[in-house]
Amino acid sequence: MSDPEVDPVLPLLRCMHCDEVIGAYEPMVIETHHGPCETSLAAHPALYETERPCFHRACYAEARGDV
Ligand SMILES: [Zn+2]
C-alpha cells in the first residue's frame, strides 16, 4: 500500500505530438530558445517542471515531417 503523503508523485510530462506520457528514460526533445535539444528526464529531472514543448524524439521528427 502506498501513502501519497509519503511517496512523492512526479508530475508527468506529456508529448505535444502524441499526448502520451514521456518516460524518464525515453529519449526526448525539448524546444528551447536555441532550438531543439535532445535530452531525457533521467538526465535532467528539472524538466518535469518545464513549460516548454516536449516531444518523444521520434514524435519530434514526425512532427517536423522528417520521417
Ligand atoms: Zn510522442
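## Tour of a three-stranded sheet

Start with the sheet: 3 strands form an open sheet in the order β2-β1-β3, with antiparallel pairing. Colour β2 and β3 next; they stand at the edges, each with a single partner strand, so one side of each is left without a neighbour in the sheet. Look along the sheet: from one strand to the next, the twist averages 30°. Angles here run from 0 to 180 degrees between N-to-C directions, with axes as lines fitted to C-alpha atoms.

Two notes before going on. This is a predicted model: local features need pLDDT of at least 70, side-chain atom pairs count only at pLDDT 80 or more, and totals for chains, interfaces and linings use all residues. Residues are numbered from 1 along each chain as its sequence is written.

Now show the whole chain as a cartoon. The secondary structure comes to 1 helix and 3 strands. Along the sequence the pattern reads β-β-β-α. Helices (H or I, at least four residues) and strands (E, at least two) are DSSP runs, numbered from the N terminus.

Select residues 28–32 and 35–39. These are β1 and β2, antiparallel and joined by 5 bridges. Two strands count as paired if DSSP finds at least two bridges between them. β1 and β2 form a hairpin, with 2 residues between them. Pick Met-28: Thr-39 in β2 stands opposite.

Which residue of β3 stands opposite Val-29? Phe-55 does. Show side chains while you are here. In a regular strand they alternate between the two faces of the sheet.

Move to the loop between β2 and β3 and select Tyr-48. The cut-offs: buried means 20 or more other C-beta atoms within 10 Å, exposed means 12 or fewer, and partly exposed lies in between; C-beta atoms are placed from the backbone.

Finish with the whole chain. Of its 67 residues, 16% count as buried. Among contacts (C-beta atoms, placed from the backbone, within 7 Å) between residues at least 6 apart in sequence, 48% join residues at least 24 apart.

Technical notes
Two residues are in contact if their C-beta atoms, placed from the backbone, lie within 7 Å.
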